[in-house]
Every structure is written in structure tokens, then in C-alpha cells.
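Ready for a bit of practice with rings and charges? Have a look at the structure, then work through the exercises below.

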Amino acid sequence: MGRRVAVIGAGSSGLACIKCCLDEGLVPVCFESSDDIGGLWRYKENPESDRASIYHSVIINTSKEMMCFSDFPIPAEFPNYMHNSLIMDYFRMYAEHFQLTRHVRFQTSVCSVNQRPDFSQSGQWDVVTENREGRKEKHIFDAVMICIGHHVYPNMPLKDFPGIETFKGTYFHSRDYKTPEEWRGKRVVVIGIGNSGGDIAVELSRVTKQLFLSTRRGAWILNRVGDNGFPLDISFNRVLNLLRVILPFSLLCRLGESRLNQRFNHKLYALQPKHRLFSQHPTVNDELPNRILSGTVCVKPNVCQFQGSSVVFEDGTVEEDIDLVVFATGYSFSYPFLSSSVLGVTENRASLYKYVFPPELERPTLAIIGLVQPLGAIMPVAEMQARWAARVFKGRPPFLIIS
């Protein structure tokens, strides 16, 4: 029997890990706390505790050509940018084609992952799981792949917003937003201009009386559609990689910023960010400039404080009778089943060799897959990470060298 590998999570990264383990002759056992595959991309009306959750209208920001797994192309009839339901259809096709779900134990949570007493020699792990009936089970694995992503624990920095306890309206994290209808005719503030904040602001602005989009530092806004109507990331990624090699960083940013400002001047739209284009993740949003021009979205600086039903912004302006505040303030990640001596997380950062392996371990038998946040789709990156980790677990060289 081959070496046994525990795969924690059956989202896009977990499915890739199962497939890569099978390719290497390893024996994967995937533990999924919910009743289905898909992770982040599986829409549910009621968010589950400690699980990623998306809103009903989510469309992916990367094209199908750039997000598919290398050995299973997305069907030609699927659109370039897919709704979350189609992404789930693709994952199901992938899992069925390679018969991956037979290796998944659904509704099984991982309670703890600990090094065995002889870890320095064996590299093995004790893994304790719990099923939906509450029955715990102890397993021994030769390696572990953690694939729970980074969209699990909502970041709600309420301490940074004085007076929030006096707010008379409703507030929640973007994780809990699903559809816009119940907010028709209301006055709404969305805090945060990442991809979720931009999407939710645009969608709500179609039904609200007024939508205020609050941002601390602005953002560079990219369009999904690139030159000649092709998906932006098909050419953008390749050109960018080439230019990064030959141009200084500041010049590269200046060229990119100039190109974006030709579409719309970020400063005129009150979106001019304090950071350079390639120093942080841009926001992908096709409609935000149009909503700002129509007045249905009003860009505001950071919220200074709350006063009852009023919101005070850092520029001194006050908006009254606010019914809803959506905190699109990102997520934090942690590994509660893993000892901090194995992998510590400080200020939402973890020390990982090549974003995969904890560097202090005596044996490289634990891999974190899909935690990296690339400028583009996570699926092919997670697949490459999984292929590398599986080869390391197998004891094979990480790359084939052809002489």
C-alpha cells in the first residue's frame, strides 16, 4: 500500500491535491467538513460557521482559459468569465472524470494534526477527525496537505470604527451578503473597495436610494475585457511577466497606471490609490465607473465614526439615515487544528518556503496548498503546488530533468 496523505478540504485546491496524489501513487484521504465539494465556490443561502461563503451573483474575475486545471479544459460552450454555478459544474466534471470524490469523507472535520513521537525519522502525523454524529477517529498519515484557503474567518475590525455600538441600522460582513432585494430604497454604506466591496456596491446601487462606497486608500480598477474584446488576463499576464524582467518597477507601474487612466482618470473618480499599481492587488470591476458617473455610487473616504444612524467620514462629511453598512474588510486565516510550533500565523502571515512548506519542520511532510494570493486564478497555481508537494512526499525529484 502506498504512502497515505491526508487532504484537508475539498475545494479547488483539495481536488487538485487528490488528483496529484493519485498521479504519484500516493493514497489520499480527503476530509471535508461540509456535505459537498467546491469550497468557496459553492453558494449557500445561509452561511455556515467557519466556512467560506459567496453572494448569489458572483462571477469569477479570471477567464476560463487561465483558471482551468492543466489536464481538464473547461468546455468550449462555457463563457469566458463564469458564474459561480458554472464553476461548480466544472469542478463536478473534473471530480467525476478522475473519480476523486471516492477519496473524500464528507461531513468530517479535522480536530487536530500533530507530529508523531518518531516524527524526525518517520515524518508521520497523528490526525484526529470528528464526523457529523460526533464520533472521533484517530488516523496515522505519512503526509498532510492543508487546503482550506484564506476566505474562512471574516475580518470585522469594529474597534477601528468608534460609535459602531450606537449604530441604529444593520451591519454585517460581506460574507453574509447574498442578494440586494431587501435593501431596495435604502441608504447603504459599503466599507472596502476590494473585489467583493466593488461588486456588492455596484449590485446594491441598482436598487438602493443611495450607495456610499468608503475606501481608505483607493484602488486601481481593472476591466475584465482587454484589447480587441479578449479576456484581459490572456494577454495581460504574459506581457506583464515579460515587462517585469526588462523594466524597472517604478516605470512598469507608471506605464500600467497611465493605461488604466486612459479608460478613466482614477483621481477624478476619487479612486486614486496611495499605492503603485503592481504593489497590491487591483480591483476587477467592469461597472463601477459607470455607477459613479450615474451618481448611484458615491465614493467616500474612510469612515471616521458612527453616531446613531449617521456615518461621519474623514473628510468631515456626514451621511444621515443610513440603513445598512456592509464591511467588505477581508478575511483572516488560521489553522486551529495545527500547533503554532508547527506553523504560526502572525498578523495574517505565515512563514512558508515557496508559500508551501513550513521551513522549520525536520521532515517536509506537511504542505499548505492554495494559500498564496496570485495576480490571477488560484487553480493552476494550486495544481502546481500540489504536484510539487506530492513529488516531495513520494521522494522523487521535484522536476523532471531531460538531458
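**Exercise 1.** Find out which ring arginine 224 lies over.

*Solution.* Start with the rule: a charge sits over a ring if NZ of Lys or CZ of Arg is within 6 Å of the ring centre and within 35 degrees of the ring normal. Arginine 224 lies over the face of tyrosine 81, 5.8 Å from the ring centre. Now try lysine 19: this one is over the face of phenylalanine 98, at 4.5 Å from the ring centre.

A quick note before going on: this is a predicted model, where local features need pLDDT of at least 70, side-chain atom pairs count only at pLDDT 80 or more, and totals for chains, interfaces and linings use all residues. Numbering runs from 1 along each chain as its sequence is written, and side-chain values use heavy atoms, with hydrogens and water left out.

**Exercise 2.** Classify the ring pair of phenylalanine 161 and phenylalanine 327, and say whether the two are buried or exposed.

*Solution.* Rings of Phe, Tyr and Trp (its six-membered ring) pair if their centres lie within 6.5 Å; planes under 30 degrees apart are stacked, over 60 edge-to-face, and the rest tilted. The structure has 22 such pairs. Phenylalanine 72 and tyrosine 94 make an edge-to-face one, at 6.0 Å centre to centre and 65° between the planes. For phenylalanine 161 and phenylalanine 327, the centres are 5.3 Å apart and the planes are at 75°, so this pair is edge-to-face. Both phenylalanine 161 and phenylalanine 327 are buried (under 20% relative accessible area; exposed is over 50%, partly exposed in between, with a 1.4 Å probe and protein chains only).
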